[in-house]
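Please open the structure in a viewer and keep the selection panel at hand.

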Amino acid sequence: MNTILIYDGTFDGFLTCVFVSFDQKLKDVNIVREQFFQDTFFAKKETVITQKAKADRVWVGLKKKIKPMELSRLYYAFLSESITVENTLFKAIQYIFKSDVNVASNFANTHILEISKLSKSVGREKHRMEAFVRFKLTKDNIYFANIEPDFNVLPLISKHFKNRYADQKWMIYDLKRNYGIYYNLEKVDIVTLEFDAKYNPTHTSKDIFCEQELEFQQLWKDYFKSTNIVSRKNLKLHKQHVPKRYWKYLSEKQPN
Amino acid sequence: MSFDRIKEKLNILADAAKYDVSCSSSGSNRTNKNKGLGDASSSGICHTYTEDGRCVSLLKILLTNHCIFDCAYCVTRKSNDIKRAAFKVQEVVDLTINFYRRNYIEGLFLSSGIFKNADYTMERLVAVAKKLRLEENFNGYIHLKSIPGASDELMREAGLYADRLSVNIEIPTEKGLKLLAPDKNRADFLKPMKKVKNEIIQYKAEKKIIKSTPKYAPAGQSTQMIVGASGENDMEIMYTSNYFYKNFNLKRVYYSGYVPISYDNRLPQIGSPVPMLRENRLYQTDWLLRFYGFNIEEILNENHKSLDLDIDPKLGWALRNLHEFPIDINKADKRMLARIPGLGMKSVYKILNARRYRNLNWEHLKAIGVALNRAKYFIICASNEYEKRDLTAEKIKGLILQNSKSKYTSTLSNQLNLFG
Ligand code: SF4
């Protein structure tokens, strides 16, 4: 009979499900995030509690079989949050463990191919966010940015920002997934915020942000305008590089 | 700092700096030190793009647009009736830091008009970089313009704080320079370039012996030439470029289609189109020389002084050298594979790798991503099907242009999208 494993949506949770499936020799498994679970009569249900130790055993097992780059492809694909990603990953992991040689880059396998596609999209989004985050300085001296990335890339960009902005406090907040990462000059923590009902993420309110904040945004906007060469104008190319859906939080794209 | 004043200066001095096309922030190995600000080791991020589609990675400004010289092609020239402004050293430092902290930029690209004299100007550029490094503990990217004629001592110091240094040759020929920039001479450009080149070599050698040797211009030197301002031909441009690559170990030469900014009758008039297609062809040629193993004489010579605008330079070379073809995909060495139209270096490596396991046919080549609509006239592979007609160069060109209309007429990017 089909078994549905319900988990909390974390990567460790997912790996715990993989462990459980192998451990109990489950045949037809369907791994589902809590939030997407819909009850059905025709399957056995089991809620899996995330256990770091079990997750680690799966991860270490994978580490022994495949290259670091292939390993990170699995993680990247997971962060795509594609609705069927758990099952694709599960089948790929089964396939990897079953084979004697390393098959993690055998793109003739549909699951491996799918994972490579997903991870590419997530990788692109990661780079975009490293480029498009726009910090605004708050009154409490925290450089704050909102983002709404297509995929869950906060875990991937944390290191980049930590290396770069080692001497300032900063927070990048994913409004779509309602959590953020906060660097307090020591380490990066995961945080959730309660926003005031009046909070408008595209607005730079004087109540929250420092005096000079709007001035710097204005200078940046002006710079953006002055550096353009009108006689070379090519808006099509421009939009290809900076797709419209990202404009919302780009300071240079705010109306005057 | 007074916001309105800064705003006005920024508008003037960013506008004057925008004709420098280089915005690269890659190639440095400077990492974050002592928990300071910034990291240039992973630089190269485009934080946004201008409406003309160019990468914005650095805060690119002039320190001042006052200038004692009168180079005809330059908006900043002395005789031009424009608003002038000058930043104070501290103002540039503050702008850079505040932009950087907000994740707008990867760093600073600071150039300048020449006020008083070369050293006086260079001294101030160096002062900005020095302040950023020593007082602000800034590890982001810094590109400084080397001012022609600046002293060796200043250039040595500049390299200690900057990631990249550049002198723009601007005009590819000596006669063009005489005509358009009578105050300037070649020797003045070459002097700081030579100094920086020698310092880079020396620091690298010392680094091998003493680990703690400081970095010196880790992202190297570059230069820029204006295309289409002084009636020069492509051969003159590329031979000059080649000379600079060879003699000064340059990292990059940039080609910038001249944007008309003056009614001076020595120059193309305002309203004439920017030669963007020509600019793109020069970049393609540059790549053929640097990455595809071509010699400059093969592409441009006394019989062939200009690049074709309707086809890329590699295809042009192939059509003039049909006796070298067809090439057997399964046997040819890397050098020859790289010469096949429609094959980028990536495809070349994929072919070399894949053919160890099996002989490749058309299907394989397609899967690898070879542009067969161009390549098919020049190759044979593991298949009985290949171009058997004895086609002339003209005929092949016609067929290719017919079948790839969109590629050649589609929007051109000056960020290279090359042979694919
Ligand atoms: S010296 Fe430089 S800034 Fe001055 S006019 Fe010539 S090109 Fe322009």
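Select B:Glu298, which is partly exposed, with a relative accessible area of 23%. This is a predicted model. B:Glu298 sits in helix H9 (residues 296–299) of chain B and B:Arg339 in the loop between helix H11 (334–337) and H12 of that chain, so the pair ties together parts that are 41 residues apart in sequence. In contrast to the partly exposed B:Glu298, B:Arg339 is buried, with a relative accessible area of 2%.

## A second pair in chain B

Next, select B:Asp163 and B:Arg133. Their side chains form a salt bridge with an N to O distance of 2.7 Å. This pair also links distant parts of the chain: B:Asp163 belongs to the loop between helix H4 (152–161) and strand S6 (164–166) of chain B, while B:Arg133 belongs to helix H3 (residues 118–134) of chain B, 30 residues apart. Are these two residues buried or exposed? B:Asp163 has a relative accessibility of 0% and counts as buried. B:Arg133 is buried as well, at 10%. Both values fall under the 20% limit for a buried residue.

## The domains and a cis peptide bond

Colour chain B by domain. The domain assignment gives domain 1 as 3–291 and domain 2 as 313–419. The C-alpha centres of domain 1 and domain 2 of chain B are 37 Å apart.

Now centre the view on B:Pro326, in the loop between helix H10 (313–320) and strand S9 (327–328) of chain B. The peptide bond leading from B:Phe325 to B:Pro326 is cis, and its omega is near 0 degrees.

## A positive patch with residues from both chains

Display chains A and B together and select A:Lys120, A:Arg124, B:Lys346 and B:Lys350. These residues gather in a patch of positive charge on the surface. Two elements give two or more residues to the positive patch: helix H5 (110–132) of chain A and helix H12 (345–354) of chain B. A:Lys120 lies in helix H5 of chain A and is exposed, with a relative accessible area of 58%.

## Chain A as a whole

The C-alpha trace of chain A spans about 60 × 45 × 35 Å along its principal axes. Of the 256 residues of chain A, 53% count as buried.

## A salt bridge in chain A

Select A:Lys248 and A:Glu148. Their side chains meet in a salt bridge, at 2.9 Å from N to O. A:Lys248 is in the segment after helix H8 (235–241) of chain A, and A:Glu148 is in the loop between strand S5 (142–147) and helix H6 (154–164) of chain A, so that distant parts of the chain, 100 residues apart, are linked. A:Lys248 is partly exposed at 42% relative accessibility, and A:Glu148 is partly exposed at 30%. Over all chains, the structure holds 40 salt bridges.

## Two loops and two distances

How far apart are the C-alpha atoms of A:Ala104 and A:Glu70? The separation is 6.3 Å, although these residues are 34 residues apart along the chain. A:Ala104 is found in the loop between helix H4 (85–98) and H5 of chain A and, at 5% relative accessibility, counts as buried.

Then select A:Leu185, in the loop between strand S7 (179–183) and strand S8 (188–191) of chain A. A:Leu185 is partly exposed, with a relative accessible area of 31%.

## Two positive phi angles

A:Glu81 is not a glycine, yet has a positive phi of about 60 degrees. A:Glu81 occupies the loop between helix H3 (68–79) and H4 of chain A and is partly exposed at 31% relative accessibility. A:Asn141, also a residue other than glycine, has a positive phi near 70 degrees. A:Asn141 is placed in the loop between strand S4 (136–137) and S5 of chain A.

Definitions and conventions
Residues are numbered from 1 along each chain as its sequence is written. Chains are lettered from A and ligands numbered from 1 in the order in which they are written. This is a predicted model: local features need pLDDT of at least 70, side-chain atom pairs count only at pLDDT 80 or more; totals for chains, interfaces and linings use all residues. Side-chain values use heavy atoms; hydrogens and water are left out. Domain bounds come from an automatic or database domain assignment. Patches are made of residues with over 30% relative accessible area and no salt bridge: like charges are joined within 9 Å, nonpolar side chains (Val, Leu, Ile, Met, Phe, Trp, Tyr) within 5 Å. Accessible areas come from the Shrake-Rupley method with a 1.4 Å probe; for residues, only the protein chains shown count as cover. A salt bridge is a side-chain nitrogen of Lys or Arg within 4 Å of a carboxyl oxygen of Asp or Glu. Lys and Arg count as positive and Asp and Glu as negative; His and the chain ends are not counted. The place of a charge is taken as NZ of Lys, CZ of Arg, CG of Asp or CD of Glu. Helices (H or I, at least four residues) and strands (E, at least two) are DSSP runs, numbered from the N terminus. Buried means under 20% relative accessible area, exposed over 50%, partly exposed in between (1.4 Å probe, protein chains only).
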